[in-house]
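Good morning. I will take a few local details of one structure and go through them in turn. Please have the sequence and the model open.

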Amino acid sequence: MRDNGNILFIKKTEMSVKENIRKFCSGGLSQLHVAVIGDYMLDRYIYGDAYRISPEAPVPVVKFSEEKIVPGGAGNVVANLIGMGLSVTAIGRVGNDLYGEALIKILSSLMRAEVSSILISGGTIVKTRILGGGHQQMLRLDQEEIVSPSEAEIEKILHSLGELIRSGLKSVVISDYGKGFCTPELCHRVIELCRRYSIPVFVDPKDKDWLHYSGAFLVTPNMKELRLIAGADIANEDEEIVYYGTEIMRKFRLDNLLVTRSDKGATLINSSGSRHERASAVEVYDVSGAGDTMIATVAAFFTAGLPLPECVSIANIASQIVVGKIGTYPIKSEDLLQAVLEPDFSAEEKNGYYTRVSPEDKIASRSQAKSICDKWKKEGRRVIFTNGCFDILHVGHIDLLVDAKKLGDRLVIAVNSDDSVRRLKGAGRPVNPGHARAKVLAALEAVDLVVMFDEDTPAELLSQLRPHVIVKGGDYRKEDVAGREYSDEVVILPLTQGYSTTETIEKMGYTK
């Protein structure tokens, strides 16, 4: 499939991996809470055109066009986890300066991110990259001030972490960039505390001494870091990596070691043996943040309950997606869905409907849904759109969908995510999770495409899909329908009397 002009070759993926990406990237990670402890940085990108050589020195002159700032280091791990739908508590330090204010503001703007445990002192760590000609990195300028937490601050961090664990924290990520926050004492005491409560700790290492990582659930060195800790020039070959990796794992009492191997993928080593996850051919634009994506994705899916080898398979796919982007890019659920779940809409039609292998083939990410709707419109198909929570499907829903399909050629159903349903219906809803509601709808013959949305209304989604007709049921007024400006027509269909999800739930006496 094609992603922003880059060919992304995803090798054959096990069916269980596909099924779990469908399940967890459609809202299944939203109940999970992770803490990220580490070195928080600001990644600053300055874009321009390098059009001549400076008369002052033999260097290119870059004509400024735009500037972008994004979270880096541990902040990028947070952004990756948030992008996959988890809740995150950020624990670290930023400087008492404008860059620190900007970084806190960005992290605070991420839905489901908690930043009150970030300390403020000294100067913010900033990495400024100047890019010319679109994506060619020409210079990197680092601003660093090493400030380690005091004993009192470590005690405060451990107290906060203990409170989080008691309130349902599921896992911890230590993102050590060697910038001073992840001191040996802090790492050792965090891991010790988490082991006491059976909380897995995932470590992205930078230190030359791993003694303070002892007892971690998983450590993720790249080849350079593996060579450094082993004190050997290790070839990027399976046998050597397994040999040295096994020794390192035993020496530092690690449960698992995950070695990231650039274009050769990754190798997972533990007491059960080793597993090599091969990389697929992908055009690489920027490797910035790929390690952050790897550890965040493994932590997310393991926290969700998946076996570790399967988590590594998913993380390998995620890492290959982000290296195809320019700059630091956090993975998102819809990126993973698009990478492995491209629906097949080329199947033979019978009686106006597609014949498909399974309902899951009708479930698409936003970007997929836009591409599919654009294709249908180019083919002259009339696209019909409706939306709802569809928490418990009843005959009223069926009547509405069948009648809606009669208005055109293709019926698109937008389904509220679990978070969206909770905001609209209350804390006890939904009864059924998003991936289940989507699958039930996709199994209906009248339905051609199902897509999830997280907002309270589908207006933003409609601005992308732009269907010919929006259908609503009940006593809506056309002028009150959200997103109506993105469609040619709004049709209000009468509801089948006597059927209501809320009434059905009340009759069942459902409580949560």
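S198 lies in the loop that links helix 5, residues 184-196, to strand 12, residues 201-204. Keep in mind that what you see is a predicted model. S198 is not a glycine, yet its phi is positive, at about 55°. Is S198 buried or exposed? The relative accessible area of S198 is 66%. The cut-off for exposed is over 50%, so S198 counts as exposed.

Next, R466. This residue sits in the loop between helix 15, residues 459-465, and strand 23, residues 469-473. R466 also is a residue other than glycine with a positive phi, here near 45°. Its relative accessible area is 44%.

Now to a pair of helices. Helix 6 covers residues 223-230 and helix 7 covers residues 238-251. The two pack with their axes 11 Å apart, at an angle of about 60°. Because of that angle, helix 6 is oblique to helix 7. The crossing of helix 6 past helix 7 is left-handed.

Which residues of the two helices meet? From helix 6 there are M223, L226, I229 and A230. On the side of helix 7 they meet I241, Y244 and I248. Sorted by type, the residues of this contact are seven nonpolar, no polar and no charged.

That is the end of my part.

Definitions and conventions: Residues are numbered from 1 along each chain as its sequence is written. This is a predicted model: local features need pLDDT of at least 70, side-chain atom pairs count only at pLDDT 80 or more; totals for chains, interfaces and linings use all residues. Side-chain values use heavy atoms; hydrogens and water are left out. Axes are lines fitted to C-alpha atoms, for helices over the stretch in contact, and angles run from 0 to 180 degrees between N-to-C directions. Helices (H or I, at least four residues) and strands (E, at least two) are DSSP runs, numbered from the N terminus. Angles under 35 degrees count as roughly parallel, over 145 as roughly antiparallel, 65 to 115 as roughly perpendicular and the rest as oblique. A crossing is left-handed if the near helix is turned anticlockwise from the far one by less than a right angle, and right-handed if clockwise. Contact means heavy atoms within 4.5 Å. Ala, Val, Leu, Ile, Met, Phe, Trp, Tyr, Cys and Pro count as nonpolar, Asp, Glu, Lys and Arg as charged, and the others, Gly among them, as polar. Buried means under 20% relative accessible area, exposed over 50%, partly exposed in between (1.4 Å probe, protein chains only).
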